[in-house]
Amino acid sequence: MIQLENIIFLIIAGLGIGLFVWQIRKIRKNILMGRDVDLSDNPSERINKTLLVAFGQQKMFKRMLPAVLHLFVYVGFLVINIEVIEILIDGVFGTHRVLAFLGPLYSALMFINEILAALVIVACAIFLWRRNVTKLPRLATGVEMRAWPKMDANFILITEIVLMLALFAFNIAGLKLVQMEGGEVAGSYPISQLFVNIFGDNPSSLHIIERAGWWFHIIGILAFMNYLPSSKHFHIIMAFPNVYYSKLWPKGKFTTNPAITHEIKAMLDPSYQPPAPEMDTEGNPIVQRFGAKDVEDLTWKQLMDSYTCTECGRCTSVCPANLTGKLLSPRKIVMDTRDRMEEKGEHPAIFAPNHYKELGVERVQTTDEKTLLRGYITPEELWACTTCNACVESCPVNIDQLSTIMDLRRYLVLEESAAPASLNAMFTNIENNGAPWAFPASDRFNWAEELYVPSKN
């Protein structure tokens with residue numbers, strides 16, 4: 001029979017899920033601000049990559065300690081959510097441990113849940129220690145790691161610990177009540193059994209604790225779910241589509257600009273007919289921008305990358321430019337892209353927004369004045385990149401930082417002619433001489449003639 005408690009639960013759950021869907025729709029709209037790109041090829045290979053990298057955590061195991069700790073949290077997140085499904089069913093229909101009819105399977109599930117919940121607490125505690133006591137450099141340093149990213153990471157870890165403790169409070173109090181009533185325990189609880197007497201033996205207090213743990217756990221999960229779009233922890237959702245749509249061709253292969261390709265083909269073959277330019281809704285030709293100046297010039301996949309970033313700093317920690325003291329930080333490139341996208345688009349966060357507020361920037365004042373290039377990312381950062389792909393290789397969720405860097409550099413070169421002097425000289429030589437060297441092709445083998453010494457015989 002539906003009671004007041006069930007009605008309250010339905011209202012809270014409906015609001016939580018509805019608010020989350022609303023935020024996801026806005027995030028989708030922000031991502032689609034980018035240029036279209038077709039990444040629907042080779043679905044089988046994409047599925048395999050998703051299973052290995054996203055589900056299998058393949059890249060995480062390049063660093064064993066954080067990989068094992070992350071595995072505890074990741075598997076715990078997947079398995080414990082099965083109990084969340086049970087809590088949702090109980091909340092809607094007023095039942096109690098509705099899945100207990102599964103018998104031995106349910107006991108095994110509850111046993112694994114408790115072990116994983118304990119491991120999640122241990123892993124999160126170690127992560128907090130690494131961030132705040134040992135202060136691991138890649139997590140604590142960098143101009144992009146301001147107050148909000150650090151606070152966000154700590155808040156996530158503390159919240160996960162509190163949610164697990166609420167789950168244990170629910171299990172311990174419920175287990176003690178069943179034992180006092182002489183009933184049959186549904187499930188197996190190896191951790192809760194150790195602390196079964198911690199809350200005493202007063203039935204009224206135990207019932208309050210059991211209900212408080214149940215409500216706190218599910219409301220905490222709904223609140224945490226709506227915090228995700230404001231947080232680096234959103235990667236637990238975005239990692240899977242981002243890995244699926246990651247590029248399949250070799251990392252060293254760059255994309256080409258179609259308009260430039262058509263011009264070169266027409267130059268080499270006078271009979272070649274370039275395709276007609278794309279038209280807008282009013283029938284006017286769309287002006288092609290070479291490279292990227294702002295977020296709308298990037299592809300939707302590059303914008304999806306920015307929502308997937310875990311801010312782990314692995315990319316920056318292996319970047320040779322960053323290691324030699326240059327300004328480039330691949331993590332900052334991705335975080336700046338996300339901040340600019342949310343500034344220019346529809347920011348979906350309902351909790352603390354991202355970095356632009358820390359800088360005292362008001363969206364309404366800067367949307368039309370600032371751009372991603374120079375407004376957030378400086379040319380000096382871009383030209384420090386050696387295009388070695390170390391950042392791309394190290395990213396555990398297959399973010400392609402280099403593609404964004406290259407598109408921003410292309411704009412500097414092709415739209416502003418703002419390349420460094422050494423590169424401009426090379427470009428001039430290629431244009432005039434067909435080679436990077438400052439002499440014509442006819443003189444290219446003079447060095448061989450100078451070295452050649454005729455034989456006296």
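**Rings, charges and crossing helices**

Colleague: What makes the charged end of Arg211 count as sitting over the ring of Trp214?

Modeller: The charged end of Arg211 is 4.8 Å from the centre of the Trp214 ring, and a charge sits over a ring if NZ of Lys or CZ of Arg is within 6 Å of the ring centre and within 35 degrees of the ring normal. The charged end of Lys370 also sits over a ring, that of Tyr376, at 4.3 Å from its centre. Please bear in mind that this is a predicted model, where local features need pLDDT of at least 70 and side-chain atom pairs count only at pLDDT 80 or more, while totals for chains, interfaces and linings use all residues. Residues are numbered from 1 along each chain as its sequence is written, and side-chain values use heavy atoms, with hydrogens and water left out.

Colleague: Why is the pair of Trp214 and Trp215 called edge-to-face?

Modeller: Rings of Phe, Tyr and Trp (its six-membered ring) pair if their centres lie within 6.5 Å, and planes under 30 degrees apart count as stacked, over 60 as edge-to-face and the rest as tilted. The centres of Trp214 and Trp215 are 5.1 Å apart and their planes stand at 80°, so the pair is edge-to-face. Ring pairs also link Phe9 with Trp214 and Trp215 into a cluster.

Colleague: How do you know whether Trp214 is buried or exposed?

Modeller: Buried means under 20% relative accessible area, exposed over 50% and partly exposed in between, using a 1.4 Å probe and protein chains only. Trp214 has 4%, so it is buried, and Trp215, at 17%, is therefore buried as well. Phe55, in contrast, has 42% and so counts as partly exposed.

Colleague: Why are α1 and α3 called oblique to each other?

Modeller: Helices here are DSSP runs (H or I, at least four residues), numbered from the N terminus, and their axes are lines fitted to C-alpha atoms over the stretch in contact, with angles from 0 to 180 degrees between N-to-C directions. The axes of α1 (residues 4–31) and α3 (residues 64–93) come within 7 Å and cross at roughly 125°. Angles under 35 degrees count as roughly parallel, over 145 as roughly antiparallel, 65 to 115 as roughly perpendicular and the rest as oblique, and α1 and α3 are therefore oblique.

Definitions and conventions:
Helices (H or I, at least four residues) and strands (E, at least two) are DSSP runs, numbered from the N terminus.
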